[in-house]
Amino acid sequence: MENLLSLSFDYLSSFDGVKIKKGLRQLEGLLAQICLSRTTTAAERRRSVIQDGVSKSRPKDLASLSEDPAFREFFKLQEGFEWNVAIRLISCLERLLGKGSNGQNDLLLVSTLDLLRGVLLIHPPSRSLFAREIYMNLLLDLLDPSSCPAVQASAVLTLVTAQLEQPNITRCFENLDGLLTVTSLFKNRGTSREVKLKLVEFLYFYLMPESPYGGRNDMADEQGGLQRSPSKASRVGSGGRGKNEGEEGTRTTDEKQRLLGRYLNNVEDLVEDLKETAPFGASFG
């Protein structure tokens, strides 16, 4: 597995779009082997074709995945810097963002974000990387109004994934004027309808009640020596910059409603709708 990861990382570190695409495909293939189970008998293959029209792999259930030797090996490798996939994908995003917006580059950005979300779901400790301003800023940069709508939509979904069960990352998002970035894009007349729908979904997610999470920030700590150039987002908005990165603690829905109300009108309507519909399984006491 180390050899495959090493080869993929070599491709991802390239500035050649063809090589980057190859590296992404190799990583996607590795994750597919870990997370998908193939039908093994002829009867199972025939049943798959009858039910779905095609013969395809099916996701493993979570219980069996945690006991799978390949998954356990992959998870263990992700605990250190050398083989961590998320940090390599983040570095790849940074290089792609520096190349500007064009059709081929935008496709690579979307593919990288899609794969990053999968890695963050498979290896939750990697989410702690986004407790660092340099990495959270990168996601916010992708929400620039000049970005491709597909990139914007994928970046919004990645923001959600990064903040799952990680209130300290939500605090980092707030401290970097993430709410200003999101609401400004929502109010921009040039923002596509699809992206606006994703932004509304994000706001519903943001307003949900938080629970303390006891996860470690080992991944963020291990990246302490890495730096990137100042983000565009860091030059936007008002003064939330002075707070410490990764500030811990939870906020209630009412507290977040007041914060969001600085940038958006009728937030109370969103909260009422959230309480009535309870999306994502939200529970309000």
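These notes go through the predicted model point by point, from overall figures to single residues.

1. Basis. The model is predicted, so local features are taken only at pLDDT of at least 70 and side-chain atom pairs only at pLDDT 80 or more, while totals for chains, interfaces and linings use all residues. Residues are numbered from 1 along each chain as its sequence is written, and side-chain values use heavy atoms, with hydrogens and water left out.

2. Confidence. The mean pLDDT (the predictor's confidence in each residue, from 0 to 100) of the protein chain is 81, and 74% of its residues reach 70 or more. Residues 222-247 have pLDDT below 50; beyond near neighbours in sequence, this stretch has 61 contacts in the model. A contact here means heavy atoms within 4.5 Å. Where pLDDT is low, the predicted coordinates should not be read in detail.

3. Overall make-up. The protein chain has 15 helices and two strands. These are DSSP runs numbered from the N terminus: H or I of at least four residues for helices, E of at least two for strands. Of the 285 residues, 45% count as buried, where buried means under 20% relative accessible area, exposed means over 50%, and partly exposed lies in between (1.4 Å probe, protein chains only). The accessible surface comes to about 14400 Å², with 51% belonging to carbon and sulfur atoms; the areas come from the Shrake-Rupley method with a 1.4 Å probe, and for residues only the protein chains shown count as cover. Among contacts between residues at least 6 apart in sequence, 73% join residues at least 24 apart.

4. The expected span is 1.5 Å times one less than the number of residues. V85, A86, I87, L89, I90, C92, L93 and L96 are its buried residues. Their cover includes α1 (2-12), α2, α5 (69-77), α7 and α8 (133-141).

5. L24. This residue is found in helix α2 (residues 17-35) and counts as buried at 6% relative accessibility. Leaving aside residues up to four places away in sequence, L24 touches L12, L89, L108, S111, T112 and L115. L12 is twelve residues from L24 in sequence, and their C-alpha atoms are 7.2 Å apart.

6. I122. Helix α7 (residues 103-122) holds I122, which is buried with a relative accessible area of 15%. F75 and I122 are 47 residues apart in sequence but 8.0 Å apart in space, C-alpha to C-alpha.

7. T161. Located in helix α9 (residues 149-163), T161 is buried at a relative accessible area of 7%. Not counting residues up to four places away in sequence, T161 touches R117, L120, L121 and R127.

8. Helix α12. The 15 residues of α12 reach 21 Å from first C-alpha to last, close to the 21 Å expected at 1.5 Å a residue. Its buried residues include V195, L199, F202, L203, Y204, F205, Y206 and L207. Among the elements covering the buried residues of α12 are α9, α10, α11 (178-187), α14 (253-260) and α15 (267-277).

9. Aromatic pairs. Rings of Phe, Tyr and Trp (its six-membered ring) pair if their centres lie within 6.5 Å; planes under 30 degrees apart count as stacked, over 60 as edge-to-face and the rest as tilted. The count by this rule comes to five aromatic pairs. One of them, F173 with F202, is edge-to-face, at 5.3 Å centre to centre and 65 degrees between the planes. This pair links distant parts of the chain, with F173 in helix α10 (residues 167-175) and F202 in helix α12 (residues 193-207), 29 residues apart. Both F173 and F202 are buried. F173 also forms a tilted pair with Y206, at 6.3 Å centre to centre and 55 degrees between the planes. F173 lies in α10 and Y206 in α12, so the pair ties together parts that are 33 residues apart in sequence. Y206 is buried, as is F173. Ring pairs link F173, F202, F205 and Y206 into a cluster.

10. Charges over rings. A charge sits over a ring if NZ of Lys or CZ of Arg is within 6 Å of the ring centre and within 35 degrees of the ring normal. K256 lies over the face of Y206, at 5.2 Å from the ring centre. K196 lies over the face of F186, at 5.9 Å from the ring centre.
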